[in-house]
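Subject: A structure for you to look at

Hi there,

Here is the structure I promised to pass on to you. Please open it next to this email, and I will walk you through what turned up.

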Amino acid sequence: MPNPKERSAPARQVRPATEGWTQQKDAEGRPLLQFASPRRGKPPVHLADLTPEQRVEKVTELGMPGFRAKQLEKHYFTHYTHDPAEMTDLPAAGREELVHGMLPPLLTEVRRLQTDRGDTIKFLWKLFDGALVESVLMRYPGRITLCVSSQAGCGMNCPFCATGQAGLTRNMSAGEIIEQIIRANRVIAQGELGPAEHDGERVTNIVFMGMGEPLANYARVMQAVRVMTDKKHGIGMSARGITVSTVGLVPAIKKLADEDIPVTFALSLHAPDDELRDELIPVNSRWKVDEALDAARGYFERTGRRVSIEYALIKDMNDHGWRADLLGDKLNARGRGWVHVNPIPLNPTPGSIWTASTRAAQNEFVRRLEAKGIPTTLRDTRGKEIDGACGQLVATAEDEAVAASTPLED
Ligand code: SF4
């Protein structure tokens, strides 16, 4: 527990508040939480939305023998194409209809921002109904990570987050989630993500830290994860390279633990005390810090996979030494060796209450956690040069204007 003397020291406490926008409130005056997707049209059904058996059925319905489904899977998941002209092993008669029926276009690229070194690319995509989402592709030594979106907008209403400001537009389909990876793989295959380390490179790691709360779109996210990891009928990635993160939807964390797909699980905690976390992460009013940590520990017990705790370090808001101690104590109270903490300094934003902790505060936070035996790694926020730190993605007014003038792919 924190040293009471220290806790009563006059440390500056900045309270969370929105800047430049007004948080939507519910009838009781609390930040509005949206769990259900507002009704909107659904994107066309795509091969990646279906199980292998359903794909065979649908191909048959389209008038082709079922084995064509396997050929389409290969074109899409291995060659990253949905262009009928490239699928010369399919009969010319009916090919267009088949490919269009199974692999309808889902994402139109509106804009691409790339760092000078070319090792980070932010994509802005328009969905079939005009909704905008983003992905960020990052090359690191020995791995390539894609940060994907799982919802257009987000219903969790976190006061620091640009994505949450407009609320939830709709859940993305599994096909729309997978298509972000396929498009990224195509960009890599075309040599557009900085100098390649070897032939046949593709995305090795996925983080669900783009737009949306993945566990609020549970069924579609899980279908996408199955397609990512399926070696026979999907992309064939390692489940360990896939990180599903959440702000703490406890029932969904328990469900995830029972799935028998050993993805990496990350809890975006950002505060160890309910007093602050209630304001910082509005969903904390439903499921408290201890409940979220118990569920995270349960994930470890069920899967044997070490859990990550994400902690954005925000100057004078959540970066106090006593909070590092409290976090360490709460984690240790649930056992040893089951968790890793990733403090992530916010980008410096002069004049904002949402700004980077001082270097000294960052180091002290890490030192205190380590002193309690908690493995801790201070992370870098890649993408800040191009205005695309994960979890803070949003379409700017300029993006909206470009999107409006970009015709949808067909
Ligand atoms: S931080 Fe994450 S959960 Fe919170 S509003 Fe933003 S996208 Fe949603």
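Tyr80 sits in the loop between α3 (68-77) and α4 (95-102); helices (H or I, at least four residues) and strands (E, at least two) are DSSP runs, numbered from the N terminus. Although Tyr80 is not a glycine, its phi is positive, at about 55°. Tyr80 counts as buried because 20 other C-beta atoms lie within 10 Å. The cut-offs are these: a residue is buried if 20 or more other C-beta atoms lie within 10 Å of its own, exposed if 12 or fewer, and partly exposed in between, with C-beta atoms placed from the backbone.

Before going on, please keep in mind that this is a predicted model, where local features need pLDDT of at least 70 and side-chain atom pairs count only at pLDDT 80 or more, while totals for chains, interfaces and linings use all residues. Residues are numbered from 1 along each chain as its sequence is written.

Asp260 also has a positive phi, of about 65°, without being a glycine. Its place is the loop between α7 and β9. Is Asp260 buried or exposed? Asp260 is exposed, since it has 8 C-beta neighbours inside 10 Å.

Now to the ligand. There are 12 residues around it, and Cys154, Met156, Cys158, Cys161 and Gly164 come nearest. (A residue is near a molecule or strand if its C-beta atom, placed from the backbone, lies within 6 Å of it.) This shell is made up of six nonpolar residues, five polar and one charged. For these classes, Ala, Val, Leu, Ile, Met, Phe, Trp, Tyr, Cys and Pro count as nonpolar, Asp, Glu, Lys and Arg as charged, and the others, Gly among them, as polar.

The UniProt record (an unreviewed entry) gives "binding site" for Cys154, Cys158 and Cys161. A word of care: UniProt positions are given in the numbering used here, feature names are shortened, and annotations may be inferred rather than shown by experiment. Cys154 belongs to the loop between β5 (151-153) and β6 (168-171), and Cys158 lies in the loop between β5 and β6. Cys154 is buried, with 28 C-beta neighbours inside 10 Å; Cys158 is buried with 25.

What does Cys154 touch, not counting residues up to four places away in sequence? The answer is Thr163, Gly164, Leu168, Met211, Gly212 and Glu213. Two residues are in contact if their C-beta atoms, placed from the backbone, lie within 7 Å. With neighbours within four places in sequence left aside, Cys158 is in contact with Gly164, Val247, Ile281 and Pro282.

The unreviewed UniProt entry also places "binding site" at Gly212, Glu213, Ser245, Ser268, Leu269, His270 and Asn347. I looked at two of these.

- Gly212 is in the loop between β7 (205-207) and α6 (218-229). With 30 other C-beta atoms within 10 Å, Gly212 is buried. Beyond four places in sequence, Gly212 contacts Ser149, Ser150, Gln151, Cys154 and Asn217.
- Leu269 is in the loop between β9 (264-268) and α8 (274-280). Leu269 is buried too, with 26 other C-beta atoms within 10 Å. Beyond four places in sequence, Leu269 contacts Ile309, Glu310 and Tyr311.

For "active site", UniProt (unreviewed entry) lists Glu134 and Cys390. Glu134 is part of strand β3 (residues 132-140), and with 24 C-beta neighbours inside 10 Å, Glu134 counts as buried.

Next, a pair of helices. Helix α7 (residues 250-257) and helix α9 (residues 289-303) pack with their axes 9 Å apart, at an angle of about 5°. Axes are lines fitted to C-alpha atoms, for helices over the stretch in contact, and angles run from 0 to 180 degrees between N-to-C directions. So α7 and α9 are roughly parallel to each other; angles under 35 degrees count as roughly parallel, over 145 as roughly antiparallel, 65 to 115 as roughly perpendicular and the rest as oblique. From α7, Val250, Ile253, Lys254, Leu256 and Ala257 meet Glu291, Ala292, Ala295, Ala296, Gly298, Tyr299, Arg302 and Thr303 of α9. By class, that contact of α7 with α9 has eight nonpolar, two polar and three charged residues.

Finally, Ala361 is in helix α11 (residues 359-371). Ala361 is partly exposed, with 19 other C-beta atoms within 10 Å. The C-alpha atoms of Ala361 and Pro345 are separated by 10.0 Å, and the two residues are 16 residues apart along the chain.

Happy exploring!
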